[in-house]
Amino acid sequence: MERNAFFDNAKALLIFLVVFGHMIQPFTNEYAGINTLYLWIYTFHMPAFILLSGFFTKGSGNAGYVWKLAKKLIVPYLIFQILYTIYYFYIGKPDWQTGMFHPHWSLWFLFSLFSWHILLIVFKKIPAFYSISLAVLIGVVVGYFGEIGHTFSLSRTFVFFPFFLIGYWVTEKQMMSIKRNAVKGVSLVVMTVLAIAIFYMPEFNSGWLLASKSYGDLGMEQYGGIARLLVYVTAAIMVVSVLAWVPKRNFGWLTKLGTRTLYVYLLHGFIVQFLRQYDILSVNNILDFIGIAGISAMIVILLSSKPVLTVSQPLIEGKMSIIRNIFNNQRSGTSS
């Protein structure tokens, strides 16, 4: 079967938003407009990414898959945890010293992705409605426990797991049903209203969207569960609204970027943290802001390029197939 370009287009868009969100985060305290865009992006970009990750786990979720999965996710996590620790020390980042299982910055995703596959072994045996409901309940309850936080990426693992599970259960036909014109029309209203609401919302704590803190830390210990349910509903509506506008046609190399998102995700921190640490970027006008968007796109393209993939594949995938293919092509060219 031909690969549906919709999914690669969606992943390409989302990885750009991951990089762009990280690039504009330092300016959210200075500009209300940038803060609004930052929070607006964070309502959906990781839930959508996680949902798509769940969608591509069809057929997995058995005990025999665990060891293969550990080599695919935990080994790169350990490698990059060490690399980021060394790099942070080198550039003088103050929080460089951390435990092996206290993920640096964006590395939490690898650890959580491994954990979601483990949880799937059990949850795939429960009917879809009940398994998703149980996952939501767990995601709500964990917020009441301050001990469940950033270590082992536990908080994010449980809070975001419902989106992974929904992705696992949803079919391609159901996913494509959101492309209807009626859904697109409503989605424009939803996305606009939410942006306006965020702009006028007094001091909304981004921790609700990052999902790494307890309700006590977020200042809503008693009613935090209700707030998290509202965040879940908002995220679900926004995921549908944004994905409804992702095109289905193949855009060639742009679409192909969506097949290389793991490389961008793991490597972009080296660039972004360097830019942050030395205050290289600034926003003084709209052109500066557009420039940051352009730099974000360039980072995605660069880290998806063949040379970067060739060098980093042994670290990220634990294999050297690209180098081997280049070597074999050169040998065959010489022979001919």
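This briefing walks through selected local features of the structure above, grouped by topic.

The model is predicted, so bear in mind that local features need pLDDT of at least 70, side-chain atom pairs count only at pLDDT 80 or more, and totals for chains, interfaces and linings use all residues. Residues are numbered from 1 along each chain as its sequence is written, and side-chain values use heavy atoms, with hydrogens and water left out. Helices here are DSSP runs (H or I, at least four residues), numbered from the N terminus.

- Helix H14 takes in 18 residues, 286-303. At 1.5 Å a residue they should span 26 Å, and the end C-alpha atoms are 26 Å apart, which agrees. The expected span is 1.5 Å times one less than the number of residues.
- Its buried residues are Phe 289, Ile 292, Ser 296, Ile 299, Val 300 and Leu 303; buried means under 20% relative accessible area, exposed over 50%, and partly exposed in between (1.4 Å probe, protein chains only).
- At the start of H14, a side-chain oxygen of Asn 285 comes to within 3.0 Å of the backbone nitrogen of Leu 287. That is a polar contact: a pair of N or O atoms within 3.5 Å, where within protein one must be able to donate a hydrogen and the other to accept it, and residues adjacent in sequence count only if both atoms are side-chain atoms.

**Val 308 in helix H15**

- Val 308 belongs to helix H15, and at 19% relative accessibility it counts as buried.
- Setting aside neighbours within four places in sequence, Val 308 is in contact with Leu 267, Leu 302 and Leu 303.
- Val 308 and Leu 267 are 41 residues apart along the chain, yet their C-alpha atoms are separated by 9.6 Å.

**Helix H6**

- Ser 131, Ala 135, Gly 139 and Val 140 are the buried residues of H6, and what covers them includes H5, helix H7 (154-169) and H11.

**Loop residues to look at**

- Thr 28 lies in the loop between helix H1 (5-24) and helix H2 (32-42). With a relative accessible area of 9%, Thr 28 is buried.
- The Thr 28 side chain reaches the backbone oxygen of Gln 25 at 2.8 Å. Beyond its neighbours within four places in sequence, Thr 28 is in contact with Ile 34, Asn 35 and Tyr 38.
- Most residues other than glycine have a negative phi. Trp 105, though not a glycine, has a positive phi of about 40°.
- Trp 105 is in the loop between helix H4 (66-91) and helix H5 (108-123), and is partly exposed at a relative accessible area of 22%.
- Ala 211 also has a positive phi, near 65°. Ala 211 is in the loop between helix H10 (207-210) and helix H11 (224-243), and counts as buried at 1% relative accessibility.

**Aromatic rings**

- The model has 30 aromatic pairs. Rings of Phe, Tyr and Trp (its six-membered ring) pair if their centres lie within 6.5 Å; planes under 30 degrees apart count as stacked, over 60 as edge-to-face and the rest as tilted.
- Phe 101 and Phe 111 make an edge-to-face pair, at 5.8 Å centre to centre and 70° between the planes. This pair links distant parts of the chain, 10 residues apart: Phe 101 is in the loop between H4 and H5, and Phe 111 is in helix H5.
- Phe 101 is partly exposed at 34% relative accessible area, whereas Phe 111 is buried at 11%.
- Phe 129 and Tyr 130 are another edge-to-face pair, with 5.4 Å centre to centre and 85° between the planes; both are exposed.
- One aromatic cluster is formed by Phe 49, Trp 108, Phe 109, Trp 116, Phe 123, Phe 160, Phe 161, Phe 164 and Tyr 265.

**Charges over rings**

- The charged end of Lys 11 sits over the ring of Phe 56, 5.4 Å from its centre. The cut-offs are NZ of Lys or CZ of Arg within 6 Å of the ring centre and within 35 degrees of the ring normal.
- Lys 93 has its charged end over the ring of Tyr 88, 4.8 Å from the ring's centre.

Conventions: Helices (H or I, at least four residues) and strands (E, at least two) are DSSP runs, numbered from the N terminus. Contact means heavy atoms within 4.5 Å.
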